[in-house]
Amino acid sequence: MDIRPFDKTKADYERYVSLRNSIITDQPASVSFEQRFDDEWPADLVHERLLIDGADGRALAGAEYNHLLWSDQPRKFGFNIFVRQDARRQGLGTRLYRHILQELAGHAPIGFETKTREDWPDGVQFLKNRGYQLVNRQQQSELDPADFDAARFAETMASVAASGLVLKTLGQVLEADPAALRRLYDLEIAVMPDVPWYSEMSARPFDQWARSYKDNSDLLTGGYIVALDGEEIAGLSQLWGSQATDTLLYTGFTGVKRPYRQRGLATAMKVRALQYAQTLVASDGSPPRIVTSNEESNPMLQINLRLGFQERPAWLIYYRGRDMPRQQ
């Protein structure tokens, strides 16, 4: 069972997605999503996948490693390792990890980031054994839109409207101004410093950021809410679909410019997005459930819980590097 490079054929994408989905069973990926992810990756940054095949043709284990898009430090990298449940305790994860370190040695790396989930004890122990430190806890939460009662937030919605702020969908905004993507990008850049993270984040170039909006079937222009103060974009809240299943949606970035905070705007935008989700009917006859995650100290988590989201196992971000954050 040798480690081999990923060859980007449809068969390899299917192997990789099957492996990944056997582990992250509640949030499946799709071949088309992974292909798009690879196609959009900047050509000047490292991004590689690996596979270990079994005798039956399945991928027993695999990995991906790359530069960190959120960091402009070219010697920091991230990785993920997946091992099927029935192939564990055979050293496959260790072999992949060592292979990644060897492949990146020529870049003289100074730090590595990865993640696992708090309900995956094997993953937590694997990282602790190799000197990784927990640096960020992303609390997941989930909501069934069928259980959401927008009437509970009527006062907030009225207050936001009375302040002169107007909520529109991304579809409406782009129809009125096709160049508005640049202003949405500028809002994200303005809000980024306030997003809790363990290290300073840098912004992706606009052209790179904008690729995810072009011909993307996961982009729900009716569930992506933009708050306007005249022509100024005051806030946004994203809702994305999933090509893997129509029973699942994801809340993406939600951000409000500082002068517009403490007005209930984030809540109002999320309410509008949830009302949109209630109009959708998945293959199981119900609205798709919505999953999101927030750093545990992020006020956005408390907003989601007030909306009715229920906590699920958190993603745990681990890091090992020369600039290791000091243990608390």
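Okay, let's start with a definition: a residue is buried when its relative accessible area is under 20%, exposed when it is over 50%, and partly exposed in between, using a 1.4 Å probe and protein chains only. By that rule, 48% of the 328 residues of the protein chain count as buried.

Before we go on, a word on where this comes from. This is a predicted model, so local features need pLDDT of at least 70 and side-chain atom pairs count only at pLDDT 80 or more, while totals for chains, interfaces and linings use all residues. Residues are numbered from 1 along each chain as its sequence is written, and side-chain values use heavy atoms, with hydrogens and water left out.

Now the overall picture. The protein chain has ten helices and twelve strands. Those are DSSP runs numbered from the N terminus: helices are H or I with at least four residues, strands are E with at least two.

What radius of gyration does the protein chain have? It has 21 Å, which agrees with the value near 20 Å that a compact globule of 328 residues would have. That radius is taken over C-alpha atoms, and the globule rule is 2.2 Å times the number of residues to the power 0.38. Along its principal axes, the C-alpha trace spans about 65 × 45 × 40 Å.

Next, contacts, meaning heavy atoms within 4.5 Å. Among contacts with a separation of 6 or more, 71% are between residues 24 or more positions apart.

For the surface, the accessible area is about 16,000 Å², and 48% of that belongs to carbon and sulfur atoms. Those areas come from the Shrake-Rupley method with a 1.4 Å probe, and for residues only the protein chains shown count as cover.

And the charges: there are 39 positive and 44 negative side chains, with the centres of the two sets 4 Å apart. Lys and Arg count as positive, Asp and Glu as negative, and His and the chain ends are not counted. The place of a charge is NZ of Lys, CZ of Arg, CG of Asp or CD of Glu.

Okay, aromatic rings. A pair of them is described by the distance of the centres and the angle of the planes. Here, rings of Phe, Tyr and Trp (its six-membered ring) pair if their centres lie within 6.5 Å; planes under 30 degrees apart are stacked, over 60 edge-to-face, and the rest tilted. The count comes to 20 aromatic pairs. One of them is Trp 70 with Trp 197, an edge-to-face pair at 5.9 Å centre to centre with 80° between the planes. This pair links distant parts of the chain, 127 residues apart: Trp 70 is in the loop between strand 3 (59–67) and strand 4 (76–83), and Trp 197 is in the loop between helix 7 (180–191) and helix 8 (206–210). Buried or exposed, how does Trp 70 count? Trp 70 is buried, since its relative accessible area is 14%, while Trp 197 is partly exposed at 24%. There's also one aromatic cluster formed by Tyr 185, Phe 206, Trp 209, Tyr 213, Tyr 224 and Trp 240.

Stay with strand 4 for a second, where you'll find Gly 78. Gly 78 is buried because its relative accessible area is 7%. His 67 is eleven residues away in sequence, with 6.1 Å between the two C-alpha atoms. Leaving aside neighbours within four places in sequence, Gly 78 has contacts that include Glu 64, Tyr 65 and Glu 113.

Most residues other than glycine have a negative phi. Arg 89, though, has a positive phi, near 65°, and counts as exposed at 71% relative accessibility. Asp 215 has a positive phi too, near 50°. You'll find Asp 215 in the loop between helix 8 and strand 8 (225–229), and with a relative accessible area of 70% it is exposed.

Last stop: Pro 313, in strand 12 (residues 310–321). Pro 313 is partly exposed, at 27%. Which residues does Pro 313 contact, leaving aside its neighbours within four places in sequence? They are Arg 117, Glu 118, Asp 119 and Gln 140. And Trp 120 is 193 residues away along the chain, yet its C-alpha is 9.3 Å from that of Pro 313.
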